[in-house]
Amino acid sequence: QVQLVESGGGLVQAGGSTRLSCAASGLPFSLYAMGWYRQAPGKEREFVAAIDWSGGNTDYADSVKGRFTISRDNAKRTLYLQMTSLKPEDTAIYYCARSYMPTRQGSSWGQGTQVTVSS
């Protein structure tokens, strides 16, 4: 059974930074591309970033490019999202998922972690 557990969300001031983590089990983590997605209140879930199985290839939504960095540690079966220069519009529930590059589609969703950026 696939289990993806996100952590690290919370309340952050605009301009601040935080790091999200996603612990994976029940899937061959080191073989899969993984990604982060987010859903803001009243909006559809959207793609944020993806990373291939080796960590050598990444993809970012234009809205976060240059501010967010996705990374992974295959030995720890953990996915990360370093978020800097946060804006109020980054407020959302952030989800970890298996990602299908380059389509940006996702599957096997975690439960999500809330990130709230105050102005």
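Guide: Start with the aromatic cluster: ring pairs link Tyr37, Phe47, Tyr95 and Trp109. Rings of Phe, Tyr and Trp (its six-membered ring) pair if their centres lie within 6.5 Å; planes under 30 degrees apart are stacked, over 60 edge-to-face, and the rest tilted. By this rule the count is 3 aromatic pairs. Note that the model is predicted: local features need pLDDT of at least 70, side-chain atom pairs count only at pLDDT 80 or more, and totals for chains, interfaces and linings use all residues. Residues are numbered from 1 along each chain as its sequence is written, and side-chain values use heavy atoms, leaving out hydrogens and water.

Visitor: Why is the pair of Tyr37 and Phe47 called edge-to-face?

Guide: Their ring centres are 5.7 Å apart, so the rings pair. Their planes stand at 75°, over the 60 degrees required, so the pair is edge-to-face.

Visitor: What parts does the pair of Tyr37 and Phe47 tie together?

Guide: Tyr37 lies in strand S4 (residues 34–39) and Phe47 in strand S5 (residues 46–51). Strands are DSSP runs of E, at least two residues, numbered from the N terminus. The pair therefore joins parts that are 10 residues apart in sequence.

Visitor: What makes Tyr37 and Trp109 an aromatic pair, and of which kind?

Guide: The centres of Tyr37 and Trp109 are 4.9 Å apart, within the limit for a pair. The angle between the planes is 80°, so this pair is edge-to-face. Trp109 lies in the loop between strand S10 (105–107) and strand S11 (113–118), so the pair ties together parts that are 72 residues apart in sequence.

Visitor: Why is the charge of Arg45 said to sit over the ring of Trp109?

Guide: The rule asks for NZ of Lys or CZ of Arg within 6 Å of the ring centre and within 35 degrees of the ring normal. The charged end of Arg45 is 3.6 Å from the centre of the Trp109 ring.

Visitor: How do you know that Cys22 and Cys96 form a disulfide?

Guide: Their sulfur atoms are 2.1 Å apart. The cut-off is within 2.5 Å, so the pair qualifies. Cys22 is in strand S3 (residues 18–25) and Cys96 in strand S9 (residues 92–100), 74 residues apart.

Visitor: Why is the disulfide of Cys22 and Cys96 called left-handed?

Guide: The torsion about its S-S bond is about -75°, so the disulfide is left-handed.

Terms used
Helices (H or I, at least four residues) and strands (E, at least two) are DSSP runs, numbered from the N terminus.
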